[in-house]
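Thanks for coming. I will go through one model this morning, starting with its cores and ending with a few single residues.

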Amino acid sequence: MKQQSPFKFLDAYQQADKDVFFGREQETNDLNDALSGVKHLLVYGPSGAGKTSLIECGLRNQFSDADWFALSIRRGENINASVFARINEALEEKIALNAETQLPEAADISFGELIEQLFEERFQPVYLLFDQFEELLILGNDAEKKEFFTRLNQLIRYKVPCRILLIMREEFIGHLSEFEALCPSIFKHRFRLEKMRKEKVRGVINEMLEAEEYEDFYEVRDSTALANAILAKLPDQKKEIELTHVQVFLSELWDRAKQQINAEELPLLQPSLVTKEDDLEGVLNSFLKKQLQELNASAYGENTALEILASMISERHTKLQISQNAIRKDLESKKVKIPTSLPQLLQDLEKRRLIRSQKAGEQTQYEISHDLLALAVGQNLTEEMQMRQKAGEVYAVYAERQGYFSQEDLDFIRPYHAYKAYPTALEGKIRESEVFLKEKQERELQAARNQSRRLGGLLVAAVLALGFAGWQYWEADQAQKETLLEKERAVNALILAEQKAWETEDEAEEGHFQKISAEYQQYLAVQSEALAVTAEKKAIAALADVEKQKQATEIEKEKALEAKEEAEKANQQAQENLELAKTNEQKAIVALADVEKQKKATEAEKEKAVAARDEAVAARAEAEQQKQIAEDNLQKVQEKNKEIAVIQLKKAEQAILALDYKTALQKIEAGAKLEVGSMRMEVVKAYMELAFWYAETHQYAKAEEILQTALEHQPNAEAQNWLQKTIQVGSARTNLQEALKTLGENKYKELQERYYPKMMEVEGGIVEMGVGENFKVKLSDFKIAQTETTVFQFALYCAVTKLAIDDFLEASWSKEGIGLNPIINVSWYQAVEYSNWLSNQKGRKTAYVIDKINKDPDNKSENDNAKWTVEVDIAIKNAYRLPTEAEWEYAAKGGRRGKNTMYSGSDDPKKVAVYKRNTNQPRTHSVATLKPNELGLYDMSGNVWEWCFDWSKEYPSDIMLINYFVNKSGSHRVFRGGGWYSPWEDCCVAYRGKIHPLHRGKSTGFRVAYSL
């Protein structure tokens, strides 16, 4: 394989890469801060944001080896087993794990107990890094998830030095809410990593191209032009960039440059390497297709490599860890021919940087190199692969179904079998459902037949009873023999006809049932005829009389003859009654037909009513379901809106920290459109800061407009009244200030302390200047700023006085978070002018009289061509000014509360000072990030040098002066405290620095004071 480019490509940055890990300094510090003091942290962001690199390289390098023992954990087959196995691997004294499940043989052992044992062995705080944590949510079953979150909750509460980072893609974060009941604090501590903005990526590309560590791999003559050429291959509307695409593209350019030179030459990276057809976002897809084409053309066969890559992604196109045996089984299940050289193909895929391997115990696991590449694999699946994947999704849904499948379910599942075999469990459920449906069909058919037979039997019994009555009547009177015989034949024929009809209808099933029901109803109608019943009873009675006569003696024969005559009469009457019965029977048949029609009509109406009722019930159920879905969707939308609103407000705060108030307003407005109840006050507070800024910079109309918008979200009658007052010169700012205080007093106080210095009172006393100088100064009470003057505070001054704040910043430094850093590049004269402006802004007298025309004759500096004449009256109370050198040293030493430490607040400079050996970034830091001194003053040692009023001059010896400062002559002004790139000795409270008043440096600032 040819030599590879030096760029990271798809690999994450590791601890050893710290010298080439660019552009993430602020995020690293923010992540470190977010992790400070918490037991667990949820780290999330979009794919391609660089979460793994930020932790493995950025965060890991924040710790010493003694303070960091990290265990990276992936889910594997079961996340609980993976945790136990990974900790056990690090233990010297192992615990017994079940060979099959990899869970402890002792069922009651917890994560916390193992971590405690590990800590006792190593005496290092343990960090559990759950990378690709979404794997548990995508692939884990319910039992696995519940067990893990229960164990996680126990570990969080376990008293052991262990911190937990759950690292995942943000699109899956909503799935965690399902387990909030098991681990209530899961969302409590969160850190979101965003993709890099376009302009920041430009700087990162420049730094990578010019990195010393890469100089043996290539030449570059114009890194800026090349960075611009690369970024030009991104759509204009694209503001955020996946650094992975940049790394892959740089590697592609390196390959192109390599092809243009001899083996002994260094490749030349230049803009001409970028072609018209290049697409920065599509570079990963192009790289994948190119590699697959080369592999397909080799001995492995068409699409074999793609099939293997497809086995390494989930249905959501995220990457998975998988063993070689699991790959074989997956290919077998897809009926894909397994190459005899599978291990060699896996090696080729790894050499081409498509996959990576890592040891997991005794087994080697494989995975796709990056989630973005896994997404590209998912987008390049063949139609057959897509159908197999779809089959997997369908099978997963039906595997969770309870009970038997319906015929419609089976018809829906069956076509997917042609693409992917059923899982064993699902195949069993399908077979059980088919048997169940067949048995159910047979039971329903048998039940219909049984009912038909029961109705037919009743009709036959009724007809037989009628025939028996006719037979009795025939026995009573031989005269009616022929008639009764015909009747019997008719009845028998009727029976045979009915039996024949029953047999025919039995074959027709449902038709037979309706026929028999009609016949039975007809019989009931005939039987209901009173005359027919009476005739039959008389016939039976006559028969009984005849039987009695047969048993009589000859003497009674005459009586029998008389009975015969009476029987004949009765027979005649019966004949008449029979005719009448026939007539009534016809009427009954007609009536039966009418009844049957009405019955059918009634049944039809009933069926319609039942159908209507069922439709209504179904419609109501569907409506309730739709309502629930709508409510669920609304809740999801509200939750998503809230999350987006939080992000927008966070971006607004970041824009404010970068002094970009226009962008901040856009972000706040975007968040306000998505405002949900609990966030309303956060939106109002965000608006308040912009209104405050514009009010204090005398842009009153803009401030009023913004404040009016804030009141739409949080109505306040008193604040509205202040806005409605007539804006007049001199009163507009006051009215706006009162409206802001009314709307949120605490927020207003916070803004005052952000944009104006917070002054700390210093009780007067005696300070011994320097070390062993024998010069003392007695000082009166005064106040001094808690922090160095910040960019926020100086930017306010610049906005009012129409100065350009960028003139006081370093162009090469990022503006992210700059607002809280100390202002730099300020000359002594500019610090004096700011002090006077600040007094005016606060409505106070000024401490300085500044004459810019007449040169100061006492200014002896050769480097100062301005030489303004500046007079000061430190007796004026509450007038802002620079501190005297004595005031500065007294405050730095802690005043009367001081403990005579070498640095301001400590003998250890790392605790109180940002200096050369205590910073991981070559620039200033936010103020007040380290420990304050005894008076609550921050950064008196380090961060930036601070101007004092005094000319630099030798101290008088063996004397004590009152409120001493020298203002008569000199060539250098004093500055104290040391800066961010100073050695530790410059940061000592007794160290004196000096430089001419016009000096402006990237480590020079100031803080203000005033007399009481």
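**Cores, strands and selected residues**

The largest nonpolar core holds 81 residues, and those with the most contacts inside it are Tyr661, Tyr755, Phe794, Ile823, Leu882 and Phe1006. A nonpolar core here is a set of buried Ala, Val, Leu, Ile, Met, Phe, Trp, Tyr and Cys residues joined through side-chain atoms within 4.5 Å. Buried means under 20% relative accessible area, exposed over 50%, and partly exposed in between, with a 1.4 Å probe and protein chains only. Helix H23, residues 680-696, supplies the largest share of this core, eleven residues. Helices (H or I, at least four residues) and strands (E, at least two) are DSSP runs, numbered from the N terminus.

Before I go on, this is a predicted model: local features need pLDDT of at least 70, side-chain atom pairs count only at pLDDT 80 or more, and totals for chains, interfaces and linings use all residues. Residues are numbered from 1 along each chain as its sequence is written, and side-chain values use heavy atoms, with hydrogens and water left out.

What is Ile823 in contact with, leaving aside its neighbours within four places in sequence? The list is Thr789, Thr790, Val791, Phe794, Ile805, Phe808, Leu809, Thr1004, Gly1005 and Phe1006. Contact means heavy atoms within 4.5 Å. 

There is also a second, separate core of 69 residues, which includes Leu226, Leu250, Ile308 and Leu346.

For the whole chain, the secondary structure comes to 31 helices and 24 strands. Of the 1012 residues, 48% count as buried. Among contacts between residues at least 6 apart in sequence, 73% join residues at least 24 apart.

Now the strands. Two strands pair if DSSP finds at least two bridges between them. Strand E13, residues 759-762, pairs with strand E16, residues 782-785, in the antiparallel sense over four bridges. Within that pairing, Met760 stands opposite Ile784 in E16. E16 also pairs with strand E24, residues 1009-1011, in the antiparallel sense over three bridges. In E24, the bridge partner of Ile784 is Ala1009.

Elsewhere there is an open sheet of four strands in the order E22-E21-E19-E23, with mixed pairing. Its edge strands are E22 (992-995) and E23 (1004-1005), each of which pairs on one side only. Strand E19, residues 945-951, runs parallel to E23 in a pairing of two bridges. There, Trp945 has Thr1004 in E23 as its bridge partner.

On to aromatic rings. How many aromatic pairs does a search of the whole structure find? The search gives 45. Rings of Phe, Tyr and Trp (its six-membered ring) pair if their centres lie within 6.5 Å; planes under 30 degrees apart count as stacked, over 60 as edge-to-face and the rest as tilted. One cluster linked by ring pairs consists of Phe84, Phe111, Phe130, Phe133, Phe148, Phe149 and Phe179.

Charges over rings come next. A charge sits over a ring if NZ of Lys or CZ of Arg is within 6 Å of the ring centre and within 35 degrees of the ring normal. The charged end of Lys650 sits over the ring of Phe191, 5.8 Å from its centre. Lys842 has its charged end over the ring of Tyr756, 4.1 Å from the centre.

Tyr756 is also touched by Gln841, along with Glu696, His698 and Arg733, not counting residues up to four places away in sequence. Gln841 is found in helix H29, residues 828-841, and counts as buried because its relative accessibility is 7%. Gln841 and Tyr797 are 44 residues apart in sequence and 9.1 Å apart in space, C-alpha to C-alpha.

Last, Glu194, in the loop between strand E5 (190-192) and strand E6 (196-197). At 18% relative accessibility, Glu194 counts as buried. Its side chain makes a polar contact of 3.4 Å with the side chain of Arg192. A polar contact is a pair of N or O atoms within 3.5 Å; within protein, one must be able to donate a hydrogen and the other to accept it, and residues adjacent in sequence count only if both atoms are side-chain atoms.
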